[in-house]
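Colleague: I've got a new model open and I'd like to learn how to read it. Can you walk me through it?

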Amino acid sequence: MTGPEGGPAGGLGGAARPGIGEFTATVIVNAPAPRVFAAFMNWEKQSEWIPFTRVRVVDGDGGEGSLVEAVTALGPAVIRDELRVVKVNAPYEVRVVHCGKVLRGPGSMRCTAMSGDRTQVVLHEWFHLPAGPVGKIAWPVLWPGSKIGFTGALKKFGRLVEQGRIP
């Protein structure tokens with residue numbers, strides 16, 4: 001992948017291009033960047049900090065080229081998110097492309113080392129909106145919930161890393 005601003009890569013077609021549903025979530029974690037990055041790359045452990053979601057690697061070792069599945073279930077509603085890991089630059093950045101039927105678009109997670117063994121984590125996603133014009137109209141209503149949800153999940157991630165519960 002050439003980055004969120006680049007064209008399609010690795011046979012991912014339009015999913016690799018940024019969608020208009022964009023959000024960023026940020027958290028400061030009181031732990032060194034290599035430890036934070038390793039914890040984030042522990043895909044199955046993401047189930048502990050992303051609400052109502054089970055995450056697993058379905059193809060590969062979790063690194064570049066791997067396919068990861070995240071299934072979110074809230075009552076009868078189930079969303080299956082498939083993402084391809086397209087770039088790993090440990091311990092600083094991982095880039096993915098959401099390539100499922102509903103959730104599509106590139107995303108990245110970046111770790112920036114700070115003084116005092118702290119790390120800034122930035123999660124950035126560029127989702128394609130489903131349902132054409134209806135999705136574009138609904139996005140301003142859905143976006144705050146997405147941003148709040150991901151920021152809350154990242155804060156929980158940070159607490160788990162700081163407590164040593166996610167290695």
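**Reading the fold and its core**

Modeller: Start with the secondary structure: the chain has two helices and seven strands. Keep in mind that this is a predicted model.

Colleague: In what order do the elements of the chain run from the N terminus?

Modeller: The order is β-α-β-β-β-β-β-β-α. As for contacts with a separation of 6 or more, 52% of them join residues 24 or more positions apart.

Colleague: How many of the residues count as buried?

Modeller: Of 167 residues, 43% do. In soluble globular proteins, nonpolar side chains tend to be buried together. Here the largest nonpolar core holds 30 residues, and Trp43, Trp49 and Phe157 have the most contacts inside it. Several elements each supply at least two residues of this core, among them β1 (21–29), α1 (33–40) and α2 (133–162). There's also a second, separate core of five residues, including Leu12, Ala15, Val86 and Val97.

Colleague: What is Phe157 in contact with, leaving aside neighbours within four places in sequence?

Modeller: Phe157 meets Val36, Ala39, Phe40, Trp49 and Ile166.

Colleague: Now for Lys87: is that residue buried, partly exposed or exposed?

Modeller: Buried would need under 20% relative accessible area and exposed over 50%. Lys87 has 34% relative accessibility, so Lys87 counts as partly exposed. You'll find Lys87 in strand β4 (residues 77–89).

Colleague: Which residues does Lys87 touch, not counting those up to four places away in sequence?

Modeller: Lys87 touches Glu64, Glu93, Val94 and Arg95. Look at Gly65 too: Lys87 and Gly65 are 22 residues apart in sequence, with their C-alpha atoms 7.9 Å apart in space.

Methods: Residues numbered from 1 in each chain as written. Predicted model: local features only at pLDDT ≥ 70, side-chain atom pairs only at ≥ 80, totals over all residues. Heavy atoms only, no water. Helix = DSSP H or I, 4+ residues; strand = E, 2+ residues; numbered from the N terminus. Buried < 20%, exposed > 50% of the residue type's maximum accessible area, 1.4 Å probe, protein only. Contact = heavy atoms within 4.5 Å. Core = buried A, V, L, I, M, F, W, Y, C linked by side-chain atoms within 4.5 Å.
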